[in-house]
Number of protein chains: 2
Amino acid sequence: MRNCISCQIKAKVEQRNEDLNAKLAFLTMPQPASFSDVVLFADDDDEHPVPVPAHKAVLANRSPVLRAMLDNEMKESLSGTIKIGDVSYDALRAFINYLYTAEVCLDQQLACELLVMSEKFLVQHLKDFCQKFLVSNLNLDNSLSTYTFAHQHNFKPIIDAALTQITASMDKLASQDEYTVLKERDLGLLLEIYEAYFSKQADTTMYI
Amino acid sequence: MRNCISCQIKAKVEQRNEDLNAKLAFLTMPQPASFSDVVLFADDDDEHPVPVPAHKAVLANRSPVLRAMLDNEMKESLSGTIKIGDVSYDALRAFINYLYTAEVCLDQQLACELLVMSEKFLVQHLKDFCQKFLVSNLNLDNSLSTYTFAHQHNFKPIIDAALTQITASMDKLASQDEYTVLKERDLGLLLEIYEAYFSKQADTTMYI
């Protein structure tokens, strides 16, 4: 066994990682159905909405907004039912599961829905996770729609990252379907892209 | 900024550690009192036992034994009350708190009590934690009492570590108070120490 200092540090860090993972596994709750004392419904769900069972204690611990809804004998606490507006069943299920496990398998659509939910219910950990995903998932095809989405909800880090992506391929901007849609709906957003491009150009010129 | 490979690896590991710590902070529940649906009492407590509030879902998730007590309409589930025998109030409180946070500040006495509880309720994560603490906390003064305790409950790693500690200072063995007590109560245990010492001696001789 090698006994150099860097090996010892590596072994220590790996041990620390192992300990943290074991703690995480211990604190994760993969079966939120047992002993449930509250159910949530997605308002966007069809005529026969499927209930998502949960526990008041867990919801209140993870989200100050849910805590406020459940505390103080609000109607949600008394009825044991929480209706969540503007969200799909799948997103609600993923949201609740995240509150129990801090895990979610994201795609572009789900990340957008969960980001909005995490903002609404002040779940910072999930908000950071979705923002990081959307930034790292930016590409030529989705940068304009991601930029529009981020603008609607004022998610600054995503706006900045999307602008960087868009202004790096300005020749392809006007040919995108999303561009035509945006031209009819929000000229201001397109203007901001052109301004950002020329402001970047000016900065680059200054440093040459 | 240095950009060598070892710096990059270090930064990656630190980022991973930070992510794990953030997840842990998110999943930890420091206020188990709200929305409680079960209370626990320590049987060793005085005439007016202090209730320790908890949540069935959390207890059932962390301990298969508590799950069995709470499932299937057992009397604990119906009454919402669980009595825990042979334990102090402080240990019960620390045990429940551990189930919510995976954290506890141990001393020798508490570690012994929690180790017995974790064995009884099959909470492996806490059992490992207490065993590691007791092994790392072994010294000349407590090795004999720790050895006796570990033998009572058959905690093999602690028995082995305590034997190593004791047999390293055999000249001080017979002068300890615990030795006199043990001599009256369990000669077999003392015999095992002498046997272990001479078996180690024989091994050492073989390698010289």
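These are my notes on two residues and on the confidence of one chain in a predicted model.

Ground rules. Residues count from 1 along each chain as its sequence is written, chains are lettered from A and ligands numbered from 1 in the order in which they are written, and side-chain values use heavy atoms, with hydrogens and water left out. In this predicted model local features need pLDDT of at least 70, side-chain atom pairs count only at pLDDT 80 or more, and totals for chains, interfaces and linings use all residues.

Confidence. I looked up pLDDT, the predictor's confidence in each residue from 0 to 100. Chain A averages 88, and 94% of its residues score at least 70. Within chain A, helix α4 (residues 75-79) is lowest at a mean of 75, while helix α6 (residues 108-120) is highest at 97. Helices here are DSSP runs (H or I, at least four residues), numbered from the N terminus.

A:Thr146. I found A:Thr146 in helix α8, residues 143-153. A:Thr146 has a relative accessible area of 1%, so it counts as buried (under 20% relative accessible area, 1.4 Å probe, protein chains only). I then listed what A:Thr146 touches (heavy atoms within 4.5 Å): A:Gln108, A:Leu138 and A:Ile158, leaving out residues up to four places away in sequence.

B:Leu106. I found B:Leu106 in the loop between α5 (89-101) and α6 (108-120) of chain B. B:Leu106 is also buried, at 14%. With the sequence neighbours up to four places away left out, B:Leu106 touches B:Ala111, B:Leu114, B:Phe129, B:Cys130 and B:Phe133. B:Ala94 lies 12 residues from B:Leu106 in sequence and 9.2 Å away, C-alpha to C-alpha.

Note on methods
Helices (H or I, at least four residues) and strands (E, at least two) are DSSP runs, numbered from the N terminus. Buried means under 20% relative accessible area, exposed over 50%, partly exposed in between (1.4 Å probe, protein chains only).
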